[in-house]
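I opened my notebook to look up a helix pair and the surroundings of the ligands. Here is what I had on screen.

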Amino acid sequence: MAFSASELILNADGSIYHLNLHPDDIADTIMVVGDPDRVPAISRHFDSIEVKKTKREFVTHTGHLGGRRFTVLSTGIGTGNIDIVLNELDALANIDFKTGEIKEAKKSLDIIRIGTCGGLQPDIPVDTFLLSKTGIGLDGLLHFYDCEDIQNQGLRDEIEAKFDFGTSGIRPYVVDASKKLMARFDENRIRFGMTLTNIGFYGPQGRNLRIAPRFENLVGSLAQFDFEGRQITNLEMETAAIYGLARLLGHQALSLNVVLANRMNGQFSTKPGESINRLIEFSLEHITAS
Ligand SMILES: O=P(O)(O)O[C@H]1O[C@H](CO)[C@@H](O)[C@H]1O
Ligand SMILES: O=c1cc[nH]c(=O)[nH]1
């Protein structure tokens, strides 16, 4: 049955509502970044750029590099936007916009985040590259979907047992990265870790400028969590939702982040632009290797 106009929303030119893209505008490998300015910082490495489209914070460039087609797309900040981006990317890949029906043969996209984060462990210096083996979401997005079966349930149960979020209603969800994409980064220039995704940058990441966070020493207790020798390494605002929605929709996802803040020793990178450019070059080297 075809989707109604209120569910699969297309613009007058037939493009998808928020991303402003047509199905042909995206490649099968998509790099997602938070900051719209990071899109040209990546596409400047392409041999050619074929598509440039923008709507709100969603900037998309599609082009070729080393004979292969890639898309880079900005999500803006937060998991609310990830809900839009992942659902609309999947619609572009797997719904026929002419008939409004789901295609019989499904396409699986490779979705790779290239982002920034705060580090949680004292021995992970600023400017380190981190690959998220697992995303832990405290933001709640995934609970609006039937998500039990795709979770790392053992780790989720341990987190639920160790952290008491009281009557706040916060319920963690835990999803692993794509093993296929992770295998491309098996080398010692990037550290593998567990990433905690939350709904904000200040209180939800335990920062206290002028409003005291509800949970005292959230960052300290997250840093001390240990599950079979694995620790929570970093905090940011998208990874767990990307992992969860990608898995639910049948796509492969991986998140790579550079540490800009070390929350344990109070440091912030003195060269954030340079660090993110280094992560871009490192990521492209691996993403474009066949
Ligand atoms: O640099 P990006 O990719 O935006 O990622 C991080 O930076 C933003 C906060 O400053 C959040 O989106 C967080 O996840
Ligand atoms: O501390 C930080 C740094 C970058 N991005 C985040 O979400 N948190």
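By class, which residues make up the shell around ligand 1? I found four nonpolar, three polar and three charged residues. (Ala, Val, Leu, Ile, Met, Phe, Trp, Tyr, Cys and Pro count as nonpolar, Asp, Glu, Lys and Arg as charged, and the others, Gly among them, as polar.)

**Ground rules.** I noted that this is a predicted model, where local features need pLDDT of at least 70, side-chain atom pairs count only at pLDDT 80 or more, and totals for chains, interfaces and linings use all residues. Residues are numbered from 1 along each chain as its sequence is written, while chains are lettered from A and ligands numbered from 1 in the order in which they are written.

**Confidence.** I looked up pLDDT, the predictor's confidence in each residue, from 0 to 100. The chain has a mean of 97, and 100% of its residues reach 70 or more. For the complex, the predictor gives an ipTM of 0.99 and a pTM of 0.98.

**Ligand 1.** I listed the residues around ligand 1, including Val-33, Asp-35, Phe-201 and Glu-236. (A residue is near a molecule if its C-beta atom, placed from the backbone, lies within 6 Å of it.)

**Ligand 2.** Around ligand 2 I found, among others, Cys-117, Gln-205, Leu-235 and Ala-261. β7 (110–119), β12 (230–236) and β13 (252–262) each give two or more residues to this shell. (Strands are DSSP runs of E, at least two residues, and helices are runs of H or I, at least four, numbered from the N terminus.) The largest share, three residues, comes from β7. I sorted the shell around ligand 2 into six nonpolar, three polar and one charged.

**Helix pair.** I checked α2 (residues 79–94) against α6 (residues 239–249): they pack at about 25°, with axes 10 Å apart. (Axes are lines fitted to C-alpha atoms, for helices over the stretch in contact, and angles run from 0 to 180 degrees between N-to-C directions.) That makes α2 roughly parallel to α6, a label for angles under 35 degrees.

Key: Parallel < 35°, antiparallel > 145°, perpendicular 65-115°, else oblique.
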